[in-house]
Amino acid sequence: FVLCSASNERLMQAIKESVVDECQKHGYDIKHVEGGKTSKWILIDAGDIVCHIFDKNERQNYNLEKLWGDMPQLDVSEYLS
């Protein structure tokens, strides 16, 4: 699982497009994308990788971190520019 937040709808769409492009570039088949331009939660199913892109408030509301809190977490900040 990848969980992330965006501060606005435009940024959510940009993240979605980037994730889809990078998955395809590295050979991951996108099985399904759920959530449109006005959605507060976008889900990208790439098989072994499932990416959740949330509006900031929506992420707090669903709190998937609590649901999956016992799973190992990886800090990716060193990979971000």
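Trp 68 is partly exposed, with 39% relative accessible area, and sits in the segment after α3 (64-67). This is a predicted model, so keep that in mind as you read the side-chain details below. Three salt bridges turn up in the structure, along with a nonpolar surface patch of about 460 Å².

**Nonpolar patch**

**Salt bridges**
- Lys 40 and Glu 9 pair up through their side chains, at 3.8 Å from N to O. Lys 40 is in the loop between β2 (32-34) and β3 (41-46) while Glu 9 belongs to helix α1 (residues 9-25), so this bridge ties together parts 31 residues apart in sequence.
- Both ends of that pair are partly exposed: Lys 40 has a relative accessible area of 37%, and Glu 9 comes in at 34%.
- Glu 22 and Lys 25 make another bridge, with 3.0 Å from N to O. They're three residues apart in helix α1, which means about one helical turn separates them.
- Glu 22 counts as partly exposed at 35% relative accessibility, whereas Lys 25 counts as exposed at 58%.
- Arg 59 and Glu 65 also form a salt bridge, their closest N and O atoms being 2.5 Å apart. Glu 65 is partly exposed at 29%, and so is Arg 59 at 21%.

- Most residues other than glycine have a negative phi. Asn 63 isn't a glycine, yet its phi is positive, at about 50 degrees.
- You'll find Asn 63 in the loop between α2 (56-62) and α3, partly exposed at 32% relative accessibility.

Methods
Residues numbered from 1 in each chain as written. Predicted model: local features only at pLDDT ≥ 70, side-chain atom pairs only at ≥ 80, totals over all residues. Heavy atoms only, no water. Patch = residues over 30% accessible without salt bridge, like charges linked within 9 Å, V, L, I, M, F, W, Y side chains within 5 Å. Areas by Shrake-Rupley, 256 points an atom, 1.4 Å probe, with all protein chains shown as cover. Salt bridge = Lys/Arg side-chain N within 4 Å of Asp/Glu carboxyl O. Helix = DSSP H or I, 4+ residues; strand = E, 2+ residues; numbered from the N terminus. Buried < 20%, exposed > 50% of the residue type's maximum accessible area, 1.4 Å probe, protein only.
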